[in-house]
Amino acid sequence: MSGKVTDQSDGAPLPGVSVTVEGTSRATITDAAGNFTISAPTGGKLIFSLVGMITKTAPVGSGPINVSLSEDTKALSEVVVVGYGTQKKSVVTGSISSVKAKDLETMPINRVEQALQGRTAGVSVSTSNGQPGSASTVRIRGYTTFARDGSNDPLWVVDGVIVDNGGIGYINQSDIASIEVLKDAASQAIYGARAANGVIIVTTKAGKSGLSINYNAFYGTSAPAKKLDLLNASQYAMIRNEAAVNAGLPAPYANPDSYGVGTDWQSTVFNDDARRQTHEFSVSGGGEKSTFYTSFGYIDQEGIVASPISAWNRANVRINSTFTPAKWLTFGENLGYSHSVLNSLGNTNSEFGGPLSSAIHLDPLTPIVETDPAKINASPYTIPNIIRDPNGNPYGISPVVGQEMSNPLAYIQTRLGNFTWDHNIVGNTFAEVKPIQDLTIRSTLGTKLAFYGEDAFTPLYYLSSSGPNTKASFHRIQNYAIAYSFENTIAYNKILGKHNFNIIVGQGLYMDNNVRRTDVTFNNVIATNFDDANLNYKPIATDRTADGSDGTLHKVNSLFSRVTYNYDEKYLFTGIIRRDGSSNFGSNNKFGYFPSFSAGWVPTKESFWPENKAVNFLKIRGGYGVTGNDRIGEFSYVSLVGSGRNYTFGTTDQSSIGWSLTAPSNPDLKWEETRSTNLGFDATLFTNFNLTFEYFKKKTVGILQYPPVPGYLGWAGNSARNAGDMQNTGVEIELGYHKTFGELNFGVNGNASFLKNKVTKLLPGIQFVDDNQQTFQTMGAITRTEIGHAFGEFYGYDMLGIFQNQAEIDNYKSPNGVVLQPNAKPGDVKFANLNGNDAIEAGDRTFIGSPIPKMTYGVTVNLGYKAFDFVVFGTGVAGNQIFQGIRRLDVTYGNYQTDILNRWTPGNPSNTNPRIVEQDLNGNYIKFTKLYLQNGDFFRIKTMQLGYNLPRATIQKIGAQKCRIYLMSENLFTFTKYTGYDPEIGGTVLGIDRGIYPQARSFMIGLNVGF
């Protein structure tokens, strides 16, 4: 019996369709032209099935059978990528969340991480800052290691190529077909040693038979969603006077009310009309022997802070092709290229200088531009290289606010033209051979090639007394990096009646960190601006400096295997084992083994399950597995030789360069191991409700640390050891409802994740991990990682209120009768004496909050009525605190937020806000208390969009299949009690706000056309 299978939508042939004789194990697969040949008895039936298409049954007759399959939109949403293959969601036994292309269409997403925010339970996504092009911080089910660098980042796999978290920004969101998040070890273990932090698989679009052309674009403007409430000039002068008088000093300003409003420095840095635009164009098509998908994308976006030096643009090209010259052979490639240019502020979450920090701290008494002739002709305006406006007037210089704080408009002039750049090429080429039925052999070669660098010119300038630049310089950095992977797999698929087997075995070789860096600086260049500066104007040799570095190769050698089995899609099992060898470990533990198993049961398919309207589908599943993490410094297991130990010979003063071993070796150093248990269920209720519930427990053992080595042993550094354990437990819930009411389509999807993180073990004698503590100026450490507490909890002094009178101060004594705070005055903070000593000291500090949210959640609402559609998407967190460190402690005369007006005074006996005093002898503001911690809860309307599809009869006149126009907003509202710019604070340090570059509120209009 022979025949052909086609796509009902366009009549194109459908390759890869499974044709099975009903009641037997006989099956075949259609070739590239959709043809099949199979032996079947007359009167029997053939079953035609393909992932994403509605299964059909046809009777066997005397002639050829031609069948057309239609797309099953519901089934398509249930197909997930599981690593080296795909599975129907209904038979998946691990914990996998999926985001499909339809969820991303026309969304204002610049980076792929943003597609996951609020849409997947168990995945926390925090934007590191609002600078255009900035990466986001992604955490899957908490933290697994103590390091604060990229060691907690998930493993990104794009079309089979491993890409680091920072480099994932090369992808154009319109090219994404699906994103799968592997959240438990039962699904992650196929990636073994690098999967402990979770795995995110990105699959780009492939071509289909026929021709399809799409164009999507939007244009809009952005503005700050919020500005800080800072003191105006009169309020500032009043507070300065009060602080001085409280310190026993004369008031510096005779009549504060006379200063009025003064200068609004925030207006000098914020842009209320920052432009942004996106254009995406794709062509897809093919025939019986080949298909292709090609796209072009361009993004151009101005930043809302100091726009002349804050902007980003990116251009993308993608070519995905597949060729099937014979039914047993398929080969092709997936290739993506991007080029981006970034004008960056540099300090995007820092209290140390930069235009935003300066706008916060500068006094409102100083003018933006100085026009008073008497002042212009006096110091500091007579100092050479003062920055001036286009009219020749000098930009104002504060006489009281120093350090790195400078006039933002003057600062911008010193950085005009400076930029960073990158070129990224990421892709793979593959070949598949099917020598016999059900057997597929596949080889894939993947690579990531990156060129990136920076060009920066610094002119002569005088901005303030702490920051003159007396040498014009040109600085250039160039980097080259390459990584590759080579994987070979053999997959065997077999259906025996109701038994369905899939076995895959594979081998992989991986190499990364092949990085070369060159860094050159020319001082005393003759240029006066960026456009005139280059390396052709060579100064004398002593004004040229150069540096460089080479990366140390990181190599991984792997073997892996997975077995999946289901009986009638009712009893389900998956088993995985992977063996990885890493160059980061010594001979005693060169290889690690990472097994996992998971199982599922679908009781609704049992004969005893009563047919009912309440529970339409129920799948119970659970699993256990082990994954690893090898992200430590290279050669940490051996004693490396380091420089810097210089010495002298004899009686001469000349020093010779010295080298010595840095730390003891540790040949027993091994992988960090994460052991994960997952239990959950998936259900369809009352036809229209989808519910997923999961409980997980994830424990990392043998976390890599560098405990101190006693100094008398003579080592310059510390030895790496597996020295700690940490546990994450939590619950995840996803609930969706979809219903059609006449011409109204309604859908709502929500998810919530609850997380508890706890350190469970450290080395004997070690109280806390001291190499990841975060500090804040003279406060010292403000976080601590300790047994029994969460990773990086806030650690400071307990605040018992405010002293209201001298008697309270005199009566606050230690158990020995010693007055604990003799320098305090009424209005000062009362600190808790937790250790019982005779003074308030470092030993009185305790845990006072956590930056890790206890809950993250998201909700999406979709409405469709006739030609109109509407979507609103929101996301939020709860149960965390934010350290509000916007104000510098050492900028004594810097401006304040208006909450300082609620300070303690004799007429306002506050018990929460201490008095203001110029010489803070009690440490009201220089000791870390809950005074600096704020509630980090927020809910943000991330996206709101209204669309209209033009009538088909209208657009067909121009040959279009669809034409949609839409209005869209981003970050429309944020509901929070936090007083800083933005409660969403990501980056390697979570929950510490040093003056973060806020996310913008945007309004856009868009167009989507398809042919």
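Two strands pair if DSSP finds at least two bridges between them, and a strand is itself a DSSP run of E with at least two residues, numbered from the N terminus. The structure is a predicted model, in which local features need pLDDT of at least 70, side-chain atom pairs count only at pLDDT 80 or more, and totals for chains, interfaces and linings use all residues. Residues are numbered from 1 along each chain as its sequence is written, and side-chain values use heavy atoms, with hydrogens and water left out.

**View 1. Strand β10 is paired with strand β15.** The bridge partner of Lys 100 in β15 is Ser 178. The pairing of β10 with β15 (residues 176-182) is antiparallel and extends over five bridges.

**View 2. Five strands form an open sheet.** The strand order is β10-β15-β16-β13-β14, with mixed pairing. At the edges are β10 (96-100) and β14 (161-163), each of which pairs on one side only.

**View 3. The largest cavity holds about 330 Å³ of space**. On a 1 Å grid over the protein atoms alone, a cavity is a set of points where a 1.4 Å probe fits but cannot get out, and lining residues have an atom within 4 Å of a point. Grid points are joined across faces, edges and corners, and a volume is the space filled by probe spheres set on the points. The lining comprises 28 residues, of which Asn 110, Gln 114, Glu 970, Asn 971 and Gln 999 lie nearest the centre. Two or more lining residues come from each of β19 (290-302), β49 (938-949), β50 (962-976) and β52 (1000-1010).

Definitions and conventions. On a 1 Å grid over the protein atoms alone, a cavity is a set of points where a 1.4 Å probe fits but cannot get out, and a pocket is an open set with protein on both sides within 12 Å along at least five of seven lines; lining residues have an atom within 4 Å of a point. Helices (H or I, at least four residues) and strands (E, at least two) are DSSP runs, numbered from the N terminus.
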